[in-house]
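These are my notebook entries on one protein chain. I began with the whole chain and then turned to single residues.

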Amino acid sequence: MATASSAYQKLLAVGTKIVAVGRNYAAHAKELGNAVPKEPVLFMKPTSSYLENGGTIEIPHPLESLDHEVELAVLIGKKARDVPEATAMDYVGGYALALDMTAREIQASAKSAGLPWTIAKGQDTFTPISSVLPRSMVPDPHDLELWLKVDGEIRQKGSTNDMIFRIPYLISHISSIMTLFEGDVILTGTPQGVGPVKAGQRITAGITDLLDVHFEVAKRQRPPGN
């Protein structure tokens, strides 16, 4: 099992991009005052934002907090371009739990100005991620309970059954726009309950009965002279 796990981790390491899906749970869209989308809202995150389980999420200066968003991550197992929805699941290499850490103030000001969200979503440590579960361990990815706690207090709990756009549709849709390569990751959206986390706090999160992760939160140390 350790060998299989390390093989999946290597697959994650060769990925070229993270494609995130915004507002894919109706309750989360509503809690942020957004309309429920008629087609997937997509944005990109760099792979440099990954943070392994047990790492420390860094809040960049001058921010005091980041918002947590717990998500099911879908790992692509082979090159996908113009994939039909009917065969889309053949391209899944595995699953993981990820957090889409968000600098909400930066995102809000960017949205109001009609600007991209990259700075709010793409900074180092902003995509904490678990080890990868092989497909065989997840017979139905639309029947998983995701949860997240801050300092032991439950903040988010939801079912992947509540996704607006399901995984086969997402793979088909995204692959019609851009090629998905082996090791690429799709973040499938977050259930309701997102909220702030501050330096000194601890996040634990998981997929019920499958895995859990933990991360500390700290302020990013400013480089000397800045």
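I first looked up the accessible surface of the protein chain, which comes to about 10300 Å², with 51% of it belonging to carbon and sulfur atoms. Such areas come from the Shrake-Rupley method with a 1.4 Å probe, and for residues only the protein chains shown count as cover.

I noted that this is a predicted model, in which local features need pLDDT of at least 70, side-chain atom pairs count only at pLDDT 80 or more, and totals for chains, interfaces and linings use all residues. Residues are numbered from 1 along each chain as its sequence is written, and side-chain values use heavy atoms, with hydrogens and water left out.

I next checked burial: 50% of the 226 residues in the protein chain are buried (under 20% relative accessible area; exposed is over 50%, partly exposed in between, with a 1.4 Å probe and protein chains only).

I then turned to Ser 49, in the loop between strand 2 (41-45) and strand 3 (50-52) (strands are DSSP runs of E, at least two residues; helices are runs of H or I, at least four; both are numbered from the N terminus). Ser 49 is buried, as its relative accessible area is 0%. Its side chain reaches the backbone oxygen of Pro 46 at 2.7 Å. Leaving out residues up to four places away in sequence, Ser 49 touches several residues, including Ile 18, Asp 124 and Pro 128 (contact means heavy atoms within 4.5 Å).

Finally I looked up Lys 38, in the loop between helix 2 (26-31) and strand 2. Lys 38 is exposed, with a relative accessible area of 82%.

Technical notes. A polar contact is a pair of N or O atoms within 3.5 Å; within protein, one must be able to donate a hydrogen and the other to accept it, and residues adjacent in sequence count only if both atoms are side-chain atoms.
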